[in-house]
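Okay, thanks for making time, everyone.

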Amino acid sequence: MGLKRFGRFFFYKTGKDEGNQFLFVMLSVFLSAVVAQLIGVENIIGAFLAGLAINSIIGDGPVKEKTEFLGSVLFIPMFFINMGLLLDLKAFSSIFASIQLPLVVVSTLLTTKMLASLCTKYLFSYSWPQFWAMWSLSIPQVAATLAAALVSYEANIINIQVFNSVILMMLLTSILGPLVTSRFARQLAVQKTFDPNLSFDWLPLPSNSPELFSVVVPVYNPKTEQFLIELAALISCYENGRIIPLAIALAQPQMNAPQLEKALSYCQHRLTAAVSFNKSIGAHMQPKLRIDGNVAQAISHVGREENANLIVLGMGKRTRLNDRWFNSIQYAVMCAAHCPVVVAQLLVSPLYLQNILVPIKDPNPVILRTLRFAQILASANQGQITLLHICSPRSPEKERARIKMQMERLIDQLPAVECRIKTLLLEAELPISAIAQISKDYDLVILRLLYRRLGNGLNLGTHTTPLLERLKVSTILVSEPNKIFHDRLATSNPTQELSASCQ
């Protein structure tokens with residue numbers, strides 16, 4: 001309790017000083033372990049209690065990432081090595097001669113976990129796939145079991161035979177759990193019923209929604225500015241809304257600095273070009289110039305100030321020096337924005353994007369907003385959409401029929417517009433290769449952006465990154481607003497990052 005209170009006070013005082021906050025976390029764990037040992041308790045218990053206290057303070061952010069990284073690459077391997085050195089291999093080999101004890105340990109664990117999952121199933125009316133998923137997720141025994149076994153063995157509470165039996169149990173459950181989970185998680189991923197209370201609008205509106213549908217488009221790169229403006233204009237015209245071209249001049253210590261004067265002149269030139277690009281479409285436009293020291297923060301703040309419904313960014317090409325698809329500006333905008341963010345890599349004008357491909361992994365309702373975005377874009381261009389799902393050649397016919405039905409029900413949830421949407425179910429061993437091959441017959445591929453935080457940037461899903469590398473057509477990624485506001489904005493070379501974010 002004292003560590004938690006002091007930790008909150010320390011984090012409040014240090015603000016964004018990640019280095020000192022990380023050192024505080026490490027020092028708290030080490031000192032707690034020492035204090036526990038001094039009062040006659042195992043040091044691992046003190047470190048565990050310190051972890052409980054600190055975990056509620058650091059939250060999700062860079063300090064937690066650094067702590068988890070250090071633990072996963074240093075402390076956990078050292079702990080396993082320490083455990084391995086305690087193993088008596090001769091006694092471990094004797095387990096198979098007298099298999100009764102290991103069988104009792106393993107079977108008791110599996111049975112008790114199954115009884116708990118079974119009671120939960122009947123108590124909450126869960127399905128059998130949910131029951132097996134619960135059971136498989138609960139059977140792996142590693143962290144707490146490992147600590148308890150080590151402390152018990154060092155305190156002479158259990159002998160070497162029991163200790164080795166526990167190690168064998170950890171090995172078996174760590175293998176069995178993920179195998180069963182992967183088997184039944186696929187059945188949970190496809191939702192069989194749609195919640196009628198869910199809102200399936202193509203974009204979630206802010207709480208105080210404006211009268212006009214607003215799309216914010218940062219402008220900087222003259223090579224790609226026209227396509228981004230045209231894309232925003234197509235969406236805003238469909239919604240009878242407005243587009244807000246946003247030019248950002250990097251602030252200087254002196255407002256009459258030559259660098260600022262040059263930046264303001266360039267921003268005015270880009271806004272004038274944006275207005276000229278819009279003349280052929282005729283969308284309602286309200287150009288906006290902003291002076292700010294942080295590009296991502298300016299984009300997010302303008303989006304909130306204008307109650308924007310959508311932010312359109314460009315997706316730059318990767319180089320040998322940068323192996324990420326998104327830089328810190330795009331990452332920060334997607335984390336902080338209150339509305340969805342569309343990241344587009346357009347090879348041709350969006351006015352000619354008529355044949356649209358939307359690959360989906362599972363026909364789940366979460367894809368509806370992305371599908372609605374594709375529907376509006378196709379309707380504006382009198383085009384059509386293909387909803388694609390790649391299944392394994394070994395999947396049973398019943399499973400394919402169910403997925404096909406789910407895809408059709410997914411389309412039925414969308415509003416009726418003048419846009420044809422067809423479903424396509426293909427068999428392939430390599431889904432990424434199959435999607436890349438079939439995408440050659442389409443003008444545009446739209447994906448729902450799934451990502452996780454990693455270090456100072458984004459790490460896309462395991463299938464998204466290799467798919468983006470192989471796509472040779474225009475691509476649009478739709479990212480829904482993040483529930484947690486991560487105030488981690490760009491700090492390095494903002495001029496280059498602004499250019500990259502608008503590519």
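So, the largest nonpolar core has 52 residues, where a nonpolar core is a set of buried Ala, Val, Leu, Ile, Met, Phe, Trp, Tyr and Cys residues joined through side-chain atoms within 4.5 Å. Buried here means under 20% relative accessible area, exposed is over 50%, and partly exposed is in between, with a 1.4 Å probe and protein chains only. The residues with the most contacts inside that core are Ile356, Val358, Leu377, Ile385, Ile446 and Ile476. There's also a second, separate core of 39 residues, which includes Leu246, Ile248, Val341 and Leu449.

Quick caveats: this is a predicted model, so local features need pLDDT of at least 70 and side-chain atom pairs count only at pLDDT 80 or more, while totals for chains, interfaces and linings use all residues. Residues are numbered from 1 along each chain as its sequence is written, and side-chain values use heavy atoms, with hydrogens and water left out.

Back to Leu377. If we skip residues up to four places away in sequence, Leu377 touches Leu231, Leu234, Ile235, Ile356, Leu444, Ile446 and Ile476, a contact being heavy atoms within 4.5 Å. For the chain as a whole, 46% of the 503 residues are buried. Of the contacts with a separation of 6 or more, 78% are between residues 24 or more positions apart.

Secondary structure next: 18 helices and 13 strands. Those are DSSP runs numbered from the N terminus, helices being H or I with at least four residues and strands E with at least two.

Now, salt bridges. How many does a search of the whole structure find? Nine, with a side-chain nitrogen of Lys or Arg within 4 Å of a carboxyl oxygen of Asp or Glu as the criterion. Take Glu225 with Arg270, where the closest N and O atoms are 2.4 Å apart. Glu225 sits in α10 and Arg270 in α11, so this pair ties together parts 45 residues apart in sequence. Both partners are buried.

Then there's Glu306 with Lys288, at 3.6 Å between the closest N and O atoms. Glu306 is in the loop between α12 and β5 and Lys288 is in strand β4, so here the parts tied together are 18 residues apart in sequence. Glu306 is buried at 18% relative accessible area, whereas Lys288 is partly exposed at 24%.

One more pair: Arg400 and Glu397, 4.0 Å from N to O. Both are in helix α15, three residues apart, about one turn of the helix. Arg400 counts as buried at 15%, but Glu397 is exposed at 58%. And salt bridges that share partners join Arg242, Lys288 and Glu306 into one network.

Staying with α15, the buried residues there include Arg402, Ile403 and Met407. What covers the buried residues of α15 includes α14, β8 and β9.

Last thing, the surface. Val34, Val35, Leu38, Ile39, Val41, Ile45, Phe48, Leu49 and Leu52 form a nonpolar patch with about 880 Å² of accessible area together. Areas are Shrake-Rupley with a 1.4 Å probe, and for residues only the protein chains shown count as cover. Patch members have over 30% relative accessible area and no salt bridge; like charges are joined within 9 Å, and nonpolar side chains (Val, Leu, Ile, Met, Phe, Trp, Tyr) within 5 Å. Helices α2 and α3 each give two or more residues to the patch, and α3 gives the most, with four.
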